[in-house]
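Student: I'd like a close look at one part of this protein, taken slowly. Please pick a spot and show me what surrounds it.

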Amino acid sequence: MIKVKKRKILLLPGDGIGPEVINEVRKVLEWLNKNKSLDFEIDEDLVGGVSYEKHKYPITDEVFYKALESEAVILGAVGGPKWDNLEFAKKPERALLKLRKELKLFANLRPAICFEQLVDASSLKPEIISGLDIMIVRELTGGIYFGEPRGIVPIENGERKGINTHTYTTGEIHRVARVAFELAKKRKNKVTSCEKSNVMEAGQLWKEEVQALRDKEFKKVELKHMLADNCAMQLLKDPKQFDVIVTDNLFGDMLSDEAAMLTGSLGLLPSASLGTKDKNGKMRSMYEPIHGSAPDIAGKGIANPIASILSLSMALRYSLDLDSEANSLELAVQQVLDDELRTKDIMSTGKKQVGTSVMGDAIIAKLK
Ligand code: IPM
Ligand code: MG
């Protein structure tokens, strides 16, 4: 086996179930180092509420610079009721948004894949979701999440006004749409672009610019436009009509939760947030499970580590050039599900219920 040079992976477990699920990711990384002669330099630090507790800030400059210098960042989850009433700048979520914005991770890939073994875990009929494989490409550094002006200001009569601004430029739309078209070429060659062009100028621009890019550079990809509310409805009615969905930051946040739940459990789905490649072909990236910090089950050892482990597999594929290791890891997850092992969130009668670390160990045991 050829020795690969040391590559830095930064683990940011964060809050709630984050540390439990990221611990399983660490175990897989250590297994890869040992058994595949890889040489990942694994570092770990605080982010979110736990960072606030120690440093009075959800992410320190030191951690931010570590992220900047890593080959890939793998994040657990941030937030929890304990920090809900903090001033805005100190909320755990700000750490996540800062990382996304300042690492310029504009393309968020959120696959919604229905595992055959778990068809029954969905609240939809098996025939509607069996074989489902959608890729949502969510714009991640623009739109209403970051637009200015924003804030809460006093107005007359002692009232206050909350302000957020939804903006997109041609360049921001093209770069994320390009990612969607490129992905579609390797899949079923179909992109659905979602906006609210019927009520928002920024939505109208989105629609026009996605179409313009398609007509100029991706003539062979089929493009369909859909209003975001209709997309929410179509996802429930006939999700298999979709291949790649590209949409803005806010609609992408909502539609990806909906798509994820079609598959039965948020505990299974990973995500990748990617930036642009520099001239050396290097790209900043962050990987996270789609699920949140789930404070209600934190510390109980019952959280599902599969979404985090599959996030690592996306990192192996997109950032570390280790496709075959990514494939083995995904296969290992399938095999463990074939063996009928289930964490509580995907448990059904007759299957074997296991906790977080037993699930992680079982996946590792399948690796070769
Ligand atoms: C997500 C989450 C985040 C978002 C929160 C935690 C800030 O919901 O990644 O989907 O709104 O983007
Ligand atoms: Mg969300």
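**The second largest pocket**

Tutor: Strand 3 (72-77), helix 4 (92-102), helix 9 (249-262) and strand 12 (283-289) each give at least two residues to the lining of the second largest pocket. Keep in mind that this is a predicted model, where local features need pLDDT of at least 70, side-chain atom pairs count only at pLDDT 80 or more, and totals for chains, interfaces and linings use all residues. Residues are numbered from 1 along each chain as its sequence is written, chains are lettered from A and ligands numbered from 1 in the order in which they are written, and side-chain values use heavy atoms, without hydrogens and water.

Helices (H or I, at least four residues) and strands (E, at least two) are DSSP runs numbered from the N terminus. Helix 4 gives the most to this lining, with five residues.

The pocket's volume is about 600 Å³. A pocket is an open set of points on a 1 Å grid where a 1.4 Å probe fits, with protein on both sides within 12 Å along at least five of seven lines, and a lining residue has an atom within 4 Å of a point. Volume is the space filled by probe spheres set on the points, which are joined across faces, edges and corners.

Now find the middle: of the 28 lining residues, E93, L96, R100, Y145 and D253 lie nearest the centre. By class, the lining holds 11 nonpolar, seven polar and 10 charged residues. Here Ala, Val, Leu, Ile, Met, Phe, Trp, Tyr, Cys and Pro are nonpolar, Asp, Glu, Lys and Arg are charged, and the others, Gly among them, are polar.

Zoom out to see where those residues belong. The protein is divided into domain 1 (1-106 + 275-368) and domain 2 (114-268), with bounds from an automatic or database domain assignment. Each domain gives at least three residues to this pocket's lining. The domain centres, taken over C-alpha atoms, are 24 Å apart, and 22 residues of domain 1 are in contact (heavy atoms within 4.5 Å) with 20 residues of domain 2.

For comparison, look at the largest pocket, of about 1,100 Å³. Among its 37 lining residues, L109, L183, L274, R317 and Y318 are closest to the centre.
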